[in-house]
Amino acid sequence: TMEWGWTSGGTQDGYEYGPTAACATGTSTPAVPYWDESSLSTNTSYTRYVRSYNGTSPPLYSSALTIGPFYTDNATSTCLAANDSTSQITITQSGALNLGSGTSGVYMDCTGASCDTDINAWVKTDTDSSTGLTANTSYTFQVKSRNGDSDEIGYGPTCATYTSASTPAAPTVNSPALTTLAVNPVSGGAEASMEIYVEAGATCDGSGGLGYVQADGSVAAGEIWQADASWSTVTVTGRSTNTQYAFCVRAKNADGDLTSWGAATALYTLANAPSLFFVDTPTSSTLHVYPVSGGVETSMELYAEQGAACDGSGGLGYVQLSDGSISASTQDWQTEAAWGTVTVTGLSAITQYAFCVRAKNGDGTVTSWGTAATGTTISA
């Protein structure tokens, strides 16, 4: 809206006004010295002119009066908040236009406390980021705009979102058994819930694996989301003996946005304790010993005791594959195939000996000693 006045005592017959000094866009009478113009563009600079004329024919015109430049108002801003990380949210405005014109801009504000770092300033871009925030926490924002003359339009509707949850740490995996492992997901510090994924082998990235750990410890294709306190430690069942499994965890924030998968933890299930084995072909100083695998292991060792019992303690020592001798301190771990049949040497005549075997899994965890087998050397 443009309004003008006249020199005291002056007379005139009418006015012309328009976008150029030549005016002639419209006319007005002295009783209405203003001009309302509509259908203009948002936050756009306009300059207008007005001149008077008398009643002569042809009329005489005054010099044109320049009005402006003035900007139309900017539009009300609406906002969208999106979490970038555990400590940053980016606010995007829409509605306000021509932010590069004059002193135009938008002002983004957090409605809560301690969340205005790097915002609360007039910017000429559609986005700005609030930093220094707390993980998995809801923040609400509002945006106002101004035009190229710094005339402000009040805050538009608010927008809110949660910051990202913290990525979980590597889970705790322990208590290996023949077919089970105990898994406890470790919170990254702030999340709404977590899920556990399992893969065979040493790595876990949430793809191409066996599936998701269920609340009852089984493994299935369906995702199971629970709070850290609800997970506690879950015993994962149905695993294969002496097999390495890797577990990884990811989290959700309260908006359901996912973190990346955290670091993996891998562990082997236990090997079977070796089964019964055979001792035969006695001589006065040797016995043939046949260790037998318990089914799945990485390696085995043989222990020898004098008498009818063997429990791996207080005996003669460990059988050495290279020469069949017995060492009180040197353990000799070999695969079942490598052991084959070993001739134990250096024994006494007419003496009973007991032998027992234990095994290791892929992590080097040792089984209990298996059932002993005995043999007796003969006289010379």
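Me: Which residues is Val319 in contact with, leaving aside its neighbours within four places in sequence?
Reply: This is a predicted model. Val319 is one of the core residues that touch the most other members. Leaving aside neighbours within four places, its contacts are Leu302, Ala304, Gly324, Ser325, Ile326, Asp332, Trp339, Val342, Val344 and Phe355.

Me: Which residues touch the most other members of the largest nonpolar core?
Reply: The largest nonpolar core has 18 residues. In soluble globular proteins, nonpolar side chains tend to be buried together. Here the residues touching the most other members are Val289, Val319 and Phe355.

Me: Which element gives the largest share of this core?
Reply: The elements giving two or more residues are β24 (287-290), β25 (299-306), β28 (342-344) and β29 (352-360). The largest share is four residues. They come from β29.

Me: Is the protein chain spread out or compact, and what is its radius of gyration?
Reply: The chain has two helices and 30 strands. For 380 residues the globule rule gives 21 Å, and the chain is well over that, so it is more spread out than a compact globule. The C-alpha trace spans about 155 × 35 × 30 Å along its principal axes. The radius of gyration is 43 Å.

Me: What share of contacts between residues at least 6 apart in sequence joins residues at least 24 apart?
Reply: Buried residues make up 42% of the 380 residues in the protein chain. Among contacts between residues at least 6 apart, those joining residues at least 24 apart come to 60%.

Me: How far apart do the centres of the positive and negative side chains lie?
Reply: The protein chain has 10 positive side chains and 33 negative ones.

Me: Is Ala190 buried or exposed?
Reply: Ala190 sits in the loop between β16 (181-186) and β17 (193-200). Beyond neighbours within four places, it is in contact with Ala135, Asn136, Ala165 and Ser166. Its relative accessibility is 18%, and the cut-off is under 20%, so Ala190 counts as buried.

Me: What is the C-alpha to C-alpha distance between Leu210 and Val198?
Reply: Leu210 is in the loop between β17 and β18 (211-213). With a relative accessible area of 42%, Leu210 is partly exposed. Among the residues it touches are Tyr197, Val198, Arg239 and Tyr245. Leu210 and Val198 are 12 residues apart in sequence, and their C-alpha distance is 5.8 Å.

Me: Which strand holds Pro69?
Reply: A cis peptide bond joins Gly68 and Pro69, with omega about 5°. A cis bond also joins Ser57 and Pro58, with omega about -5°. Pro58 is in the loop between β5 (45-53) and β6 (65-71). Pro69 lies in strand β6.

Me: What is the phi of Asn98?
Reply: Asn98 is in the loop between β8 (89-94) and β9 (105-110). At 39% relative accessibility, Asn98 is partly exposed. Asn98 is not a glycine, yet its phi is positive, at about 55°.

Me: What is the phi of Ser232?
Reply: Ser232 is in the loop between α1 (228-231) and β20 (234-236). At 40% relative accessibility, Ser232 counts as partly exposed. Ser232 is not a glycine, but its phi is positive, at about 50°.

Technical notes:
Residues are numbered from 1 along each chain as its sequence is written. This is a predicted model: local features need pLDDT of at least 70, side-chain atom pairs count only at pLDDT 80 or more; totals for chains, interfaces and linings use all residues. Side-chain values use heavy atoms; hydrogens and water are left out. A nonpolar core is a set of buried Ala, Val, Leu, Ile, Met, Phe, Trp, Tyr and Cys residues joined through side-chain atoms within 4.5 Å. Buried means under 20% relative accessible area, exposed over 50%, partly exposed in between (1.4 Å probe, protein chains only). Contact means heavy atoms within 4.5 Å. The radius of gyration is taken over C-alpha atoms; the globule rule is 2.2 Å times the number of residues to the power 0.38. Lys and Arg count as positive and Asp and Glu as negative; His and the chain ends are not counted. The place of a charge is taken as NZ of Lys, CZ of Arg, CG of Asp or CD of Glu.
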